[in-house]
Amino acid sequence: MGSSSSNMNHIPDAQELMQETGFSSAHLLRLYERFEFLDREKRGELRQETVDFASFVRILAHFRPADTNRRDGAPQDPPNSQTRKLKFAFQLYDQDRDGKISREELLQVLRAMVGIQVTEEQLQSIAERAIQEADLDRDDAISFDEFRKSLEKVNIDHKMSIRFLR
């Protein structure tokens, strides 16, 4: 078997991705193997929305456990920092990218997450309670600051970390 650096040659933008995301060359190789497995049509992208390998790695970087020993040259605010993890989660809910999570956006995400397992009435109740608890300025939406404050007591690194590269 060749050295890991020789295997890195077929990975587009490998050095840049390692620098940006904090993944090691071994992790990047493993992710590339998984990406190729998911890319059944061998198009260099995944189908649902067009996701190329670099996007795939950048998304997964949010789910790396936080670094206790940061490398020289690592970004100041890496994708797996608490702030970036929270922003990533917030953007999943903020569907129209207006900087606020509306009741309807919250309901859309809840419907996608639970499908038909929960009644519409229960979903409405969950959304209403979430808005009531997090909406500090009472504008009937949740801003990023309100989102962050509502999750202050949650261990985001633990909840948003997957140890998937062993």
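The legends below describe close-up views of a predicted model.

**Conventions.** Because the model is predicted, local features need pLDDT of at least 70 and side-chain atom pairs count only at pLDDT 80 or more, while totals for chains, interfaces and linings use all residues. Residues are numbered from 1 along each chain as its sequence is written, and side-chain values use heavy atoms, with hydrogens and water left out.

**View 1. Overall layout of the protein.** The protein has nine helices and four strands; helices (H or I, at least four residues) and strands (E, at least two) are DSSP runs, numbered from the N terminus. The order of the elements from the N terminus is α-α-α-β-β-α-α-β-α-α-β-α-α. Of its 166 residues, 36% count as buried, where buried means under 20% relative accessible area, exposed over 50% and partly exposed in between (1.4 Å probe, protein chains only). Among contacts (heavy atoms within 4.5 Å) with a separation of 6 or more, 49% come from residues 24 or more positions apart.

**View 2. Helix H5 and what covers it.** Helix H5 spans residues 82-93, and its end C-alpha atoms are 17 Å apart. The buried residues in H5 are Lys85, Leu86, Phe88, Ala89 and Phe90. Their cover includes helix H4 (53-61), helix H8 (144-150) and helix H9 (156-159), as well as strands E3 (100-102) and E4 (141-143).

View 3. The structure holds eight aromatic pairs. Rings of Phe, Tyr and Trp (its six-membered ring) pair if their centres lie within 6.5 Å; planes under 30 degrees apart count as stacked, over 60 as edge-to-face and the rest as tilted. One of the pairs is Phe35 with Phe56, which is tilted, at 5.2 Å centre to centre and 55° between the planes. This pair links distant parts of the chain, with Phe35 in helix H3 (residues 25-38) and Phe56 in helix H4, 21 residues apart. Phe35 is buried at a relative accessible area of 2%, and Phe56 is buried at 13%. Another pair, Phe63 with Phe88, is edge-to-face, at 5.5 Å centre to centre and 90° between the planes. Phe63 lies in the loop between H4 and H5 and Phe88 in helix H5, so this pair ties together parts 25 residues apart in sequence. Phe63 and Phe88 are buried. Tyr32, Phe35, Phe53 and Phe56 make up one aromatic cluster.

**View 4. Arg64 over the ring of Phe23.** The charged end of Arg64 sits over the Phe23 ring, 5.3 Å from the ring centre. A charge sits over a ring if NZ of Lys or CZ of Arg is within 6 Å of the ring centre and within 35 degrees of the ring normal.

View 5. The volume of the largest pocket is about 520 Å³. A pocket is an open set of points on a 1 Å grid over the protein atoms alone where a 1.4 Å probe fits, with protein on both sides within 12 Å along at least five of seven lines; lining residues have an atom within 4 Å of a point. Grid points are joined across faces, edges and corners, and a volume is the space filled by probe spheres set on the points. The lining has 23 residues, of which Ala89, Tyr93, Phe147, Ser150 and Leu151 lie nearest the pocket centre. At least two lining residues come from each of H5, helix H6 (103-114), helix H7 (120-134), H8 and H9, and H5 gives the most, with five. Ser150 is in helix H8 and counts as partly exposed at 40% relative accessibility.

Conventions: Expected span 1.5 Å × (residues − 1).
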